[in-house]
Amino acid sequence: QYLSDVATLPHRDRNHPSIIIWSLCNEGGCSEGANDTNALAIARQLKSIIHQYDNTRPVSGAWNSPLENLIWGWGPKVMDLQGINYNYGELDPYHKTYPNIPMIQSETASCLGARGVYVTNNTAAHESMYTALGCTEGWWTADATRAFIAGGFAWTGFDYKGEPTPFSWPEINSNFGTLDIAGFPKDTFWYYKSWWTNIPTLHVFPHWNQETETDTLYASQCQSSPYQKFTFTGVGSSSGQIKSYDGKCVDATCANVQTGCAPLQLSPCNSNNQNQFFVHADGSFKTANGGCLDLWYSGQGPAVGVYSCDGGLNQKWDIVGSEIKSESYGDRCLSDGAVKQVWAYTNADSAELFVNGKSQGKQTVPKLSHVQWSVNWEPGTIEVKAYDKSGSVISTESVSTTGSPYAIKLSIDYPTGPIDADRQDIALIRGSIVDSQGRIVPTASNFISFDVSGPGNIIGVGNGDPSCHEPDKATSRSAFNGLVRAIVQSTNVPGAIRVSATSPGLVGDFVTVTSRTPAVIQPSV
């Protein structure tokens with residue numbers, strides 16, 4: 001049966017120009033031991049079947065295997081193009097062994113974060129977008145700096161139902177997407193746009209509506225801020241507390257250090273709380289509960305938590321005067337959450353941040369990376385100016401502290417023109433919750449009701465919240481971080497479809513979608 005199934009794919013799809021690779025297997029299907037002659041024979045048979053129908057495209061597979069099995073298994077004997085899922089450390093050894101076999105990251109990224117979230121909320125099961133940022137840059141830099149790698153398939157383009165990660169209930173979606181499940185871009189979308197296109201791009205985040213939580217432990221760019229002043233009371237092998245500038249102590253309370261907890265909190269100092277006591281040995285702050293102070297996500301941060309001691313640089317900390325500096329990459333110091341990180345994705349030559357008109361410094365944009373500043377939050381406006389090589393401003397973006405929700409603003413994300421009156425075509429409606437000055441309120445969660453008049457129907461709603469349990473097949477939905485989605489479908493009658501949105505206490509809005517007689521009438525289904 002599986003032989004005929006393999007033949008079906010190239011026989012059916014070989015004339016589609018979108019097909020660029022034939023794949024024999026993914027992960028479990030590729031997982032054979034080194035020198036497995038039976039697997040080799042089967043793989044060669046499958047490849048020969050594909051070549052009967054199409055020998056113009058390379059044959060590949062997606063390995064997620066130990067390096068030994070990857071190098072000495074059947075893959076190099078059969079693959080025209082070697083696929084590797086994640087496992088960046090296997091790229092160079094494989095290429096060194098087989099320099100004439102090109103490679104591709106057949107699955108990569110899996111970078112976690114919920115749109116518009118910048119402080120992880122374990123109760124709501126919302127992961128901070130800062131979690132995804134180092135992951136995004138890491139995989140693309142690994143690919144883009146190696147000429148023998150054709151690129152990679154980022155897992156995933158969109159969030160999707162099921163496989164909730166990194167949380168369980170109440171989370172019901174994945175968090176891997178570059179866009180959320182409602183089709184709204186996350187911050188990482190603009191990283192890819194910056195480095196995958198020549199379109200001048202500038203994207204600034206986070207939102208500026210509230211101060212980052214104080215008494216929460218992060219690592220941010222060292223800048224001699226009072227929020228980065230800490231004192232360790234331990235001496236030698238004796239344990240001690242890590243005290244902040246305002247006299248609070250780092251608290252490593254965690255139910256299970258095997259899975260870890262982050263971010264940690266700063267709590268009133270208590271000499272009877274053993275979770276506030278650390279031993280600084282071999283560069284690590286070791287806790288009474290068997291964990292180590294950890295710069296989260298293998299040193300990507302910015303959250304600082306507690307995790308089983310593993311000896312990595314993400315768990316190494318130097319006491320330098322009144323600062324505690326991470327030995328992981330970047331010049332980062334332990335910080336109370338009052339210090340806020342401002343990031344900009346841009347393909348400009350340099351960028352400069354202004355907080356309420358005051359420059360926070362101009363930085364050269366590193367290739368394949370970003371620029372960031374650590375600043376103390378204050379209400380008002382942050383603005384980033386992007387410059388070309390001559391020093392001319394080529395783009396500007398600002399983010400302001402907004403007022404309370406005042407109105408709904410509707411717009412049509414897709415398409416830019418009419419839809420076909422074929423009972424299939426759709427329009428994607430964006431609902432934005434704005435303040436009295438028309439600025440999106442980035443924390444708004446108002447409940448929005450949609451209504452349609454004319455030849456169309458609402459077939460679905462969404463908001464991108466990975467923990468939202470409201471029905472998708474409905475005509476109403478709460479907003480998530482200022483945005484809500486409605487999907488409108490045509491009937492077989494052309495005309496004007498009026499879509500309106502209302503919410504208690506907010507000024508409503510409407511947009512008109514035009515449906516037209518299709519150029520080609522599709523058969524009814």
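Me: Why is Y130 called buried in this predicted model?
Reply: Its relative accessible area is 6%.

Me: What makes F205 buried?
Reply: F205 has a relative accessible area of 1%. The limit is under 20%, so F205 counts as buried.

Me: How do you know that Y130 and F205 form an aromatic pair, and why is the pair called tilted?
Reply: Their ring centres are 6.4 Å apart, and a pair needs centres within 6.5 Å. The planes stand at 40 degrees. Stacked is under 30 degrees and edge-to-face is over 60, so this pair falls under tilted.

Me: What makes this a link between distant parts of the chain?
Reply: Y130 belongs to helix α6 (residues 130–144), F205 belongs to strand β6 (residues 202–205), and 75 residues separate them. Both residues also belong to a cluster linked by ring pairs, with Y118, W139, W140, Y191, Y192, W196, W343 and Y345. By the pair rule, the count is 24 aromatic pairs.

Me: Why is the pair of W296 and Y307 called edge-to-face?
Reply: The centre-to-centre distance is 6.0 Å and the planes are 85 degrees apart. The distance is within 6.5 Å and the angle is over 60 degrees, so the pair is edge-to-face.

Me: Which parts does the pair of W296 and Y307 tie together?
Reply: W296 is in helix α8 (residues 296–299) and Y307 is in strand β15 (residues 304–308), so the parts tied together are eleven residues apart in sequence.

Me: Is W296 buried or exposed?
Reply: W296 has 14% relative accessibility. That is under 20%, so W296 counts as buried.

Me: Why is Y307 called partly exposed?
Reply: Y307 has a relative accessible area of 31%. Partly exposed lies between the 20% limit for buried and the 50% limit for exposed, so the term applies to Y307.

Me: How do you know that the charged end of K385 sits over the ring of F354?
Reply: K385 has its charged end 5.1 Å from the ring centre of F354. The distance limit is within 6 Å, so the value passes on distance. K362 lies over the face of Y387, at 4.0 Å from the ring centre.

Me: What makes β25 and β29 edge strands?
Reply: The open sheet has four strands in the order β25-β27-β31-β29, with antiparallel pairing. β25 (407–414) and β29 (456–462) each pair on one side only.

Me: How do you know that β27 and β31 pair?
Reply: Strand β27 (residues 426–434) and strand β31 (residues 483–490) have seven bridges in the antiparallel sense. Pairing needs at least two bridges, so they qualify. I429 has A486 in β31 as its bridge partner.

Conventions: Residues numbered from 1 in each chain as written. Predicted model: local features only at pLDDT ≥ 70, side-chain atom pairs only at ≥ 80, totals over all residues. Heavy atoms only, no water. Buried < 20%, exposed > 50% of the residue type's maximum accessible area, 1.4 Å probe, protein only. Lys NZ or Arg CZ within 6 Å of the ring centre and 35° of its normal.
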